[in-house]
Amino acid sequence: MELVSIKSMPKEYKLLILKEFGYGISGDYVIDNDGKRVKDRYVGVDVNVSNMLIFPGSTIILDNNPLSIAAYLDEYEGKDL
Amino acid sequence: MPEEPDPLASIAKGVAKGTYEHAEEKIKVAAVAIADKIQYWIKKFRQGELAFIEDEKTIEVVRNQRKKPSWKLFRRYVKDPDLRLQIEMGLSLKALEENKKNREDLRRKILNRYGTKGLHLAELSQRGLIDRYLWLLLDETQDEQELRDGIEDLLKNVDRYVEFVQAEQDIERQTKAIITRLRAFKPKAMILLCKGTQAEENAREMVDDVSRDVEGYRIEIMENVTNFVETP
């Protein structure tokens, strides 16, 4: 799988990407269509734009940490990062 | 008589206009290129062939730990994915030992998801003690099923098989509790952890007392288990 680093990407470009998937940015956080902050499904924290991962599989937006990555890989066993 | 236009001012104005238009054009070209690039990424993402990541380092931590032989053994013998993740996060904590900020952040997240018991298990894994227990079991079990049961039993009841010995403790009471557990559950192995001279002395005294009362256990002492397990 190709991995695109968004670490040094300006916030405006991150917003363009997020908008493609129906998300947005409010302050430092990713928000959904209803304006609610997106929570990492594995660790339950609000996803910060400066520390996020976007993985395929119905567009999964996660916090960048080993637990979320490992849990994602377990859930989507065929995926290989 | 009409005033002659200043040729220099006229040239300067022309140059400025040209430069501005040129810059504007360059910005437009760059914006189109970025938009095209993003569309290309989105297309590949939708095909499941691309992911957006913050940095390669965090992914690398997970990739490396999944290559380890012990993780492959745990994957084979531990069916509960949450237990496996707790062990795996111990390996992540170990990989982040030099990065206090990220390590503490991960500890908080393990605690949020799995509670104190889960963090405790991850920290034991971080110190290599779960691996050690696995090797003890490999030595002591007769078949794969027994090994599988032994590992699952340890992971689900880690507090039963791992005892923390502290400096200020009622040694007699704790020794009795250990003997009761050994007799009741007959574990293949039990781990006693201690830190500091006094706690070490207490542990040795307890091991002596336990080995007088309960037979059939081999005693092994591991020293310098760095960065003692942190959960209470």
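A residue is buried if 20 or more other C-beta atoms lie within 10 Å of its own, exposed if 12 or fewer, and partly exposed in between, with C-beta atoms placed from the backbone. Helices (H or I, at least four residues) and strands (E, at least two) are DSSP runs numbered from the N terminus. This is a predicted model, in which local features need pLDDT of at least 70 and side-chain atom pairs count only at pLDDT 80 or more, while totals for chains, interfaces and linings use all residues. Residues are numbered from 1 along each chain as its sequence is written, and chains are lettered from A and ligands numbered from 1 in the order in which they are written.

**View 1. Chain A as a whole.** Chain A has two helices and five strands. Along the sequence they follow the pattern β-α-β-β-β-β-α. The radius of gyration is taken over C-alpha atoms, and the globule rule is 2.2 Å times the number of residues to the power 0.38. For 81 residues a compact globule would have a value near 12 Å, and chain A agrees, with 12 Å. Its C-alpha trace spans about 30 × 25 × 20 Å along the principal axes. Of the 81 residues in chain A, 30% are buried. Two residues are in contact if their C-beta atoms, placed from the backbone, lie within 7 Å. Take the contacts in chain A between residues at least 6 apart in sequence: 20% of them join residues at least 24 apart.

**View 2. Chain B as a whole.** Chain B has 10 helices and three strands. From the N terminus, the order is α-β-α-α-α-α-α-α-α-β-α-β-α. A compact globule of 232 residues would have a radius of gyration near 17 Å, but chain B has 31 Å. Its C-alpha atoms fill a box of roughly 120 × 40 × 25 Å along the principal axes. Buried residues account for 28% of the 232 in chain B. Among contacts in chain B between residues at least 6 apart in sequence, 67% join residues at least 24 apart.

**View 3. Where the chains meet.** The contact takes 30 residues from chain A and 30 residues from chain B. On the chain B side, helix 1 (7-46), strand 1, helix 2, helix 4 and helix 5 (100-126) each supply at least two residues. By class, that side has 17 nonpolar, four polar and nine charged residues. Here Ala, Val, Leu, Ile, Met, Phe, Trp, Tyr, Cys and Pro count as nonpolar, Asp, Glu, Lys and Arg as charged, and the others, Gly among them, as polar.

**View 4. Two strands, one from each chain.** Strand 1 of chain A and strand 1 of chain B run parallel, joined by four bridges. Two strands pair if DSSP finds at least two bridges between them. Glu2(A) has Leu50(B) as its bridge partner. Ser5(A) stands opposite Ile53(B). In a regular strand the side chains alternate between the two faces of the sheet. Strand 1 of chain B is covered on both faces: Leu50(B) and Phe52(B) are buried on one side, Ala51(B) and Ile53(B) on the other.

**View 5. The buried side of helix 2 of chain B.** In this helix (residues 56-65), Thr58(B), Ile59(B), Val61(B), Val62(B) and Gln65(B) are buried. They lie on the same side of the helix because they cover an arc of only 150° around the axis. The arc is that of the directions from the helix axis to the C-beta atoms. Their cover includes strand 1 (2-5) and helix 2 (66-75) of chain A. From chain B it includes strand 1 (50-53), helix 3 (69-77) and helix 4 (81-95).

**View 6. The largest nonpolar core.** A nonpolar core is a set of buried Ala, Val, Leu, Ile, Met, Phe, Trp, Tyr and Cys residues joined through C-beta atoms within 7 Å. The largest has 56 residues, and Leu53(A) and Leu67(A) have the most contacts inside it. Helix 4 of chain B gives the most to this core, with seven residues. Not counting residues up to four places away in sequence, Leu67(A) touches Tyr42(A), Val43(A), Leu85(B), Met89(B), Leu106(B), Lys109(B), Ile110(B) and Arg113(B).

**View 7. A second core, around Ala203(B).** This separate core has five residues, among them Val165(B), Cys194(B), Ala203(B) and Met206(B). Ala203(B) sits in helix 10 (residues 197-213) of chain B. It counts as buried because it has 22 C-beta neighbours inside 10 Å. Leaving aside neighbours within four places in sequence, Ala203(B) is in contact with Val165(B), Leu192(B) and Cys194(B).

**View 8. Lys100(B), an exposed residue.** Lys100(B) lies in helix 5 of chain B. It counts as exposed because it has 9 C-beta neighbours inside 10 Å. Lys100(B) and Glu88(B) are 12 residues apart in sequence and 18 Å apart in space, C-alpha to C-alpha.
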